Amino acid sequence: MGEITTEQNQRHCGHLRKVLERPGPFCHPDFEPSPDILDFISNNCKIIVIGAGGLGCELLKDLALMGFKHIHVIDMDTIELSNLNRQFLFRTKDIGKSKAEVAAKFINTRVAGCQVVPHFCKIQDYDETFYKQFHIVVCGLDSIVARRWMNGMLISMLNYEDGVLDQSSVIPMVDGGTEGFKGNLKVVLPGMSACIECTLDLYPPQVNYPLCTIANTPRLPEHCIEYVKVIQWPKENPFNASIDGDDPQHITWIYEKSTERANQFNITGLTYRLVQGVVKNIIPAVASTNAVIAAVCTTEVFKIATSCCVPMNNYMVFNDVDGIYTYTYEAEKKDNCLACSNIPQQLEIPDPYKMKLKDLIQVLCESASYQMKNPALTTSVNGKNRTLYMSGIKSIEEHTKENLNKSLVDLGLEDGAEIMVADVTSPNTVALILKYLNKDAPMDN
């Protein structure tokens, strides 16, 4: 990517003016051609790109070349050698540095007048005050958890007056995703169109191991590996460093500790290669797929920001495994969506006398409707909050661990009881109402 000079920028703006300063057959019905539109996207419109990986690098480049000058980028990762084949804003000298900071510097240097602001942190490190400053959110993530969290944040920022959505509180989200030669794109208008949770079943199944299982009742070799990765590594802090999936010493240490735990619980099938796969969680990436999806994302951002054309409605799939195939359709907004509906969510329980708390947590983690990561559950008894189970805080986990093997009835949870669930997939606590399908106590033999 060569340096884009001020003169080249001006020529490029001339092409944009042809779109923005005259009407056309594909214009949005409310579009009014004006030279002020280009001024808006160059000087006022603020975009945030979530993720500075393979898709994020393409997004930053495309947005900058489409005239957007005020861009923020947020990414918690550092650059690795394996990134360089597709994340073209990075060089060998950048290995170990922040992706967000290096990407921002690269774009600012190459595109005259562009002001990309980097944020080397997690998206969860900022609250709604930060996200409210942006006109559009663009996601280039490989994490469904992060997508869902961002989706929940934008929904929590919506304002309703007498039950009617205040559209000025809506911040559109354009979400792109790629895996190998396949890609997809969603245009989400929070509160108005299908959100990420509405279409959760469209994502490939996520390998998810509830923390209560890996800590207390491991059954699979993957449980042992996750235990060492999530619990034992932070506790023992070997090598005084974060886990590096490309460092043979790190993988060997995890392999040895995982083997010890597997032997303790008589679990077989643990191999060095399996450890590598679990630790790195590699998603195959192809540079050309990233380029296509980023281009479509940028086009949709441009449409939303300028109203020059009707935005895509609202989901597109792309596949070039065998030829080139695209398909666009409207994903429907779910009336009982966990995130964007205002309807109390019911969780059906077949038999509350047999279902234990750990089984309920497993449902929340493995069900396609919930796909939670590590839920913490609380309830209210006589107006007082009661923690049913929570991991991560040692004292609370030890106090509530015994509840895992108790049935819902033994825990005093009646039909219609409300439980509050907190999870990393959402910035907000979710309320679930238990609905017992079998309310009769089992007869004694």
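**Charged pairs**

Modeller: R147 is buried, and D175 is buried too. Buried means under 20% relative accessible area; over 50% is exposed, and anything in between is partly exposed (1.4 Å probe, protein chains only). This is a predicted model, with residues numbered from 1 along each chain as its sequence is written. Local features need pLDDT of at least 70, side-chain atom pairs count only at pLDDT 80 or more, totals for chains, interfaces and linings use all residues, and side-chain values use heavy atoms, leaving out hydrogens and water.

Now the pairing. Side chains of opposite charge can pair when their charged atoms come close. A salt bridge needs a side-chain nitrogen of Lys or Arg within 4 Å of a carboxyl oxygen of Asp or Glu. There are 12 salt bridges in the structure.

R147 and D175 form one, with their closest N and O atoms 2.8 Å apart. This pair links distant parts of the chain, 28 residues apart. R147 sits in helix 6 (residues 144-156), D175 in strand 7 (residues 173-179). Helices (H or I, at least four residues) and strands (E, at least two) are DSSP runs, numbered from the N terminus.

Salt bridges can also share partners: E58, K61 and D62 are joined this way into one network. Within it, D62 meets K61 at 2.9 Å, N to O. D62 has 12% relative accessibility, so D62 counts as buried.

Next, E128 and K132. Their closest N and O atoms lie 3.5 Å apart in a salt bridge. E128 is partly exposed, at 31% relative accessible area. K132 is partly exposed as well, at 47%.
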